[in-house]
Amino acid sequence: MENSIIIGCDIGNKLIKTASSITPAGLQKLTGTPVVAPADPQEYLLVNGEHYLVSNKRIAYERDKSGSQAHLYLAMIALAKELRNRNLSPNSEITLAVGLPPGHMADQEVVNHYREYFRQNGGLYRFQAGGVSYQVKVKDLIVCPQAYSVLFTLPQNILEYSSLRVVDIGGGTVDTIHIENGTPDPLMPSLDMGVIFLYGKIFIQLQNRFGRKISESQVDEILLGKQPFFSEEQKQVVRYAARSHMQEIFDGFRETGEDWRSSYVVFCGGGSALLKEPIQELAGKYAGAFQIVDDVCANAKGYEVFAHMALKARRK
């Protein structure tokens, strides 16, 4: 096997991200090979004699992603994409870096459980993706703090603020971390207010008011300024719901005692990219200053830096 490399994998409830790939967090079990090949061949998985295809219908929200094999299989697909994108052998030995909400990192039982989930079968992943056979050995597994890891992708001048907050808006949760003079605050609030819950509100509103059904991807298109087949009034309902949801996020953290007005606030995660417009509209009232990280792969990239530092510290 090749020399060990580090691959960060941000396993979300909506998307699975590596440094160079994005995969929807949906998986469909098939009875055999797909009738129509996916646009990305790697999204067809054969593992343990079973056939799976990545689906735009995401897996139901799970606080504990280790409750089924689905997220492990999605991670295999993401690893296959990343190895391909880096021109690396499908028979590679890697260090896998995955993330947990920062508030969970202090619970060693949770961390160990997550580590065991991704090191099943001794960390040896045997599968086929896109017809290519993979044998990936997870030599080491590093569990990284979500949100905090994004700091490793930011310019140095941002890190010099005496009070820095990272707000990671994901599919299921919104995680925060406060860095005061370079030291993380042990209190790391997290709210179940990710964009998945926004979708539910929009589905109900459009159905009740207009008798229209809308998919999550169509909601995303509207929030990103694209023009699917909905009237301006219907799109306005989507935008207003997004603004209201972002307001609820600000209110929710204020009710936990958080005060962001004296901090530089970094919004990241896929939800921040979708809610960019309402963040820009509202954040000036609640944050001393702020920026929005558009790169939805920022956590995965940060995991790789975090893992590199963790491995280096072990060798000392």
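C144 is buried, with a relative accessible area of 0%; buried means under 20%, exposed over 50%, and partly exposed anything in between, with a 1.4 Å probe and protein chains only. This is a predicted model, in which local features need pLDDT of at least 70 and side-chain atom pairs need pLDDT 80 or more, while totals for chains, interfaces and linings use all residues. Residues are numbered from 1 along each chain as its sequence is written, and side-chain values use heavy atoms, leaving out hydrogens and water.

**Cysteines**

How many disulfides does the structure hold? It holds zero. A disulfide here is a pair of cysteine sulfur atoms within 2.5 Å. The closest cysteine sulfur to that of C144 is in C9, 11 Å away, so the two are too far apart for a bond. C297 also has C9 as its closest cysteine, with 10 Å between the sulfurs, again too far for a bond. C297 counts as buried, at 6% relative accessibility.

**Two helices by length**

Helices are DSSP runs of H or I with at least four residues; strands are E runs of at least two; both are numbered from the N terminus. The expected span of a helix is 1.5 Å times one less than its number of residues. The table gives spans from the first C-alpha to the last.

| Helix | Residues | Length | Span | Expected span |
|---|---|---|---|---|
| α1 | 70-85 | 16 residues | 23 Å | 22 Å |
| α9 | 298-315 | 18 residues | 26 Å | 26 Å |

α1 reaches close to its expected span, and so does α9. α1 is mostly covered: 14 of its 16 residues are buried. N87 follows α1 and has a positive phi, near 60 degrees.

In α9, the buried residues are A298, N299, A300, G302, Y303, E304, F306, A307 and L311. Which strands do they pack against? They pack against β1 (5-11), β2 (15-17), β7 (93-100), β9 (132-145) and β10 (163-169). Contact means heavy atoms within 4.5 Å.

**A helix crossing**

The axes of α4 (residues 195-210) and α5 (residues 216-223) come within 10 Å and cross at roughly 95 degrees. α4 and α5 are therefore roughly perpendicular to each other. Angles of 65 to 115 degrees count as roughly perpendicular, under 35 as roughly parallel, over 145 as roughly antiparallel, and the rest as oblique. Axes are lines fitted to C-alpha atoms, for helices over the stretch in contact, and angles run from 0 to 180 degrees between N-to-C directions.

From α4, the contact uses L198, Y199, I202 and F203; from α5, it uses E216, V219, D220 and L223. By class, six of these residues are nonpolar, none polar and two charged. Nonpolar covers Ala, Val, Leu, Ile, Met, Phe, Trp, Tyr, Cys and Pro; charged covers Asp, Glu, Lys and Arg; the others, Gly among them, are polar.

**Y114**

Y114 sits in helix α2 (residues 108-118). Its relative accessible area is 5%, so Y114 is buried. Leaving aside residues up to four places away in sequence, Y114 touches I11, K65, V98, G99, L100 and V143. Y114 and L141 are 27 residues apart in sequence, with 9.9 Å from C-alpha to C-alpha.

**Positive phi in loops**

Most residues other than glycine have a negative phi. N48 has a positive phi, near 55 degrees. N48 lies in the loop between β5 (44-47) and β6 (50-54), and is exposed at 64% relative accessibility. N181 has a positive phi too, near 50 degrees. The loop holding N181 runs between β11 (174-180) and β12 (183-184). N181 is exposed, with a relative accessible area of 59%.
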